[in-house]
Amino acid sequence: MADPKDRRKITQPGAPQGSTWAALRRFWPYARAHKRWLWLGLWMIPVVAAMSALRPLLVKQAVDTEIAAGDLVALRVTGVLFLAAVMAEFLATAVQVYALSRAGHATITDLRRSIFGHVLKLPARFYDKTPIGNLLARSTSDIEALSETLAFGVFTILTDVAVIVSILVAMFVLDWRLTLVSLAAAPLLWVIVVHFSARLRALQLEIRRAQSVQSGYLAEQLAGVTVLQLFGREKAAVQEFERLGDRFLRAVKTANWYDAGLYSVMDGVSAMCVALLIYFAAPYLFEDVARSGVTLGLLFAFIDYLQRVFIPIREFSAKLATIQRAVASLERIYGLIDERPEARHGAGEVDPLHGWTGGLQVRDLRFGYRDDGPDVLKGIDFDIAPGEVVAVVGRTGSGKTSLGRILTRTYDGYRGSVSLQAPAGAVEVRDVVPDCLRGHVLMVQQDVFLFNDDVAFNVSLGDPALASDPARLEAALRTVQAWEFVQERGGLQFVVGERGRNLSAGEAQLLAFARVAARQPTLLILDEATASVDSMTEHKVQAAIERLLRGRSVLVIAHRLSTVRRADKILVLQDGVIVEQGPHDVLLARGGVYAELYRMGFKEEEGDGNSGAGAPVPAA
Ligand SMILES: Nc1ncnc2c1ncn2[C@@H]1O[C@H](COP(=O)(O)OP(=O)(O)OP(=O)(O)O)[C@@H](O)[C@H]1O
């Protein structure tokens with residue numbers, strides 16, 4: 001199991017650190033599309049604020065004027081107005097919550113879609129350094145945190161501020177002396193809110209981090225559940241999960257303490273303010289109203305105002321914490337958005353490889369995965385003529401897969417030249433945008449990945465031209481001899497299970513071949529799988545490979561004797577260098593590295609009478 005310390009270190013590469021305001025401003029382009037709902041939410045703010053200030057005024061009016069004068073009709077009218085104010089405030093709040101929540105969730109849906117689209121365009125180097133669990137956390141819980149904020153954070157804070165301001169203005173207009181007395185505890189209040197908010201913010205960040213690490217761990221362990229089960233490591237995984245959960249729980253518990261503390265302290269301060277108000281206002285009540293200006297109605301109104309003003313103040317810190325949480329999430333999401341995607345072929349752009357027949361020239365090719373690391377390909381030269389089948393063999397780690405990755409531009413940054421001999425002139429691989437290149441060059445990887453979907457999807461991969469043409473899919477499956485077993489299982493709609501669990505390794509390989517057969521690339525890079533399959537399936541796999549190789553240029557990372565024999569030329573790679581090249585018989589006769597590989601691996605295959613029954617080129 002990985003060192004837990006490492007897990008703590010998993011951070012977001014390139015996450016920008018900026019101000020809260022800058023992070024929120026950068027979010028605006030996403031929210032703009034739904035600004036009608038945001039405006040509706042904003043328009044409700046003055047309504048809510050005005051009604052909050054109006055209701056105590058109506059109480060004052062009832063007590064001081066109508067009750068004092070014994071005017072029942074006027075008192076009833078005031079009662080009806082009070083009810084109308086209450087209804088208006090509730091209605092405005094409901095409309096605001098609905099509008100903001102709608103805008104928030106619509107924006108989040110857009111953002112989620114654009115992040116998914118962006119992530120799919122990121123190059124292999126990005127995935128080398130970013131754990132998938134981490135990515136999952138960013139696209140689920142971080143975005144969830146944002147939706148909370150958009151709906152109930154920023155805008156409800158604006159509403160709170162408007163309510164506080166309107167109440168303070170009403171209080172000052174009614175009686176500035178009583179207002180100052182009532183607010184005598186304000187500095188104390190400020191200190192408390194600032195202290196608690198800062199602590200709560202820090203705790204919210206810790207909660208986010210702990211959550212993300214735990215969900216990343218969960219995703220990774222679930223992906224590798226079979227390994228855990230086979231090696232009996234379930235208990236250890238649960239213990240580690242618990243440990244990570246404890247970190248989350250500790251932060252939540254402390255945050256709850258601070259929350260509860262804040263609430264009770266605020267209640268105490270609010271009661272203190274009311275007591276202060278009554279204490280100072282009481283003598284005025286026994287004086288002449290014309291001189292003192294203090295009435296019973298005024299006192300009721302002030303008590304009501306004080307209680308109202310404390311609710312938003314109390315919740316202010318919790319909302320600030322929510323915003324802070326969202327900003328932390330935003331920064332992590334920006335870190336992802338700022339990763340540079342692969343270039344895309346623009347609509348209407350000329351295809352530089354139009355008419356290319358598969359001729360290729362590689363000169364002094366050098367490549368390393370890290371700028372500061374050693375090269376894994378160290379000056380490679382070879383040619384592939386149109387329609388030629390070139391096999392690459394070599395011990396494990398000699399650079400065979402890396403060579404395939406350069407030809408498909410899965411990795412950039414090679415030195416030297418890899419030029420494709422197109423009719424309009426030679427084109428350097430690094431100058432062809434990846435999606436255009438992959439319209440001509442396809443790679444079948446050693447590890448077959450199948451989606452938890454039906455055969456039709458796994459072959460078409462959602463390409464509408466293929467998905468809507470079952471005859472083409474069937475033809476591709478027939479080419480690679482997979483149609484028979486697909487048909488036996490119920491046809492194109494047969495669901496292969498997660499990662500192809502419902503298929504054998506050989507059948508999964510055949511489906512991967514069908515993907516290529518359906519697309520007919522000009523150059524095929526085939527990384528032969530080394531997984532052993534039964535001899536019947538092996539026979540089918542060999543036949544399928546034979547058909548795939550026909551009529552196109554192929555670079556095959558070969559593990560079968562049948563494949564190397566069939567090749568027009570073999571490149572023998574050793575430690576990133578081509579040490580021998582030529583056809584099978586010539587290389588064998590030379591008695592060098594190839595002859596050694598042959599003696600250690602292929603010879604056995606030949607001996608067991610099953611030419612190429614899955615025995616791999618020997619590993620070092
Ligand atoms: N994504 C990567 N980041 C860093 N180094 C890598 C990466 N992929 C491969 N390497 C390194 O590059 C070297 C060549 O690897 P490569 O996969 O090309 O070998 P290979 O000949 O295909 O091996 P095998 O037969 O085992 O598949 C190895 O030392 C390997 O550790």
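In what order do the strands of the open four-stranded sheet lie, and with what pairing? The strand order is β2-β1-β4-β5, and the pairing is antiparallel. Strands here are DSSP runs of E with at least two residues, helices are runs of H or I with at least four residues, and both are numbered from the N terminus; two strands pair if DSSP finds at least two bridges between them.

The model is predicted: local features need pLDDT of at least 70 and side-chain atom pairs count only at pLDDT 80 or more, whereas totals for chains, interfaces and linings use all residues. Residues are numbered from 1 along each chain as its sequence is written, and side-chain values use heavy atoms, with hydrogens and water left out.

In the four-stranded sheet of antiparallel pairing, β2 (377-384) and β5 (425-428) are the edge strands, each pairing on one side only. Neighbouring strands of this sheet are turned by 20° against each other on average, direction ignored; axes are lines fitted to C-alpha atoms, for helices over the stretch in contact, and angles run from 0 to 180 degrees between N-to-C directions. Five antiparallel bridges link β1 (residues 360-367) to β4 (residues 415-422), and Arg 363 has Ser 417 in β4 as its bridge partner.

A second open sheet comprises six strands in the order β6-β7-β8-β3-β9-β10, with mixed pairing. Strand β9 (residues 569-574) pairs with β10 in the antiparallel sense over five bridges, and the bridge partner of Val 572 in β10 is Glu 580. Helix α21 (residues 505-517) lies across β6 and β7 (523-527) and runs at about 175° to β6, contact being defined as heavy atoms within 4.5 Å.

The ligand is surrounded by 13 residues, of which Thr 396, Gly 397, Lys 400, Thr 401 and Ser 402 are the closest; a residue is counted if one of its heavy atoms lies within 4 Å of the molecule. Helix α15 (residues 400-407) contributes the largest share of this shell, four residues. A polar backbone atom of Gly 399 lies 3.0 Å from an oxygen atom of the ligand. The protein covers 63% of the 630 Å² of accessible area that the ligand has on its own, as computed by the Shrake-Rupley method with a 1.4 Å probe.

Technical notes
Polar contact = N/O pair within 3.5 Å; in protein donor to acceptor, adjacent residues only side chain to side chain.
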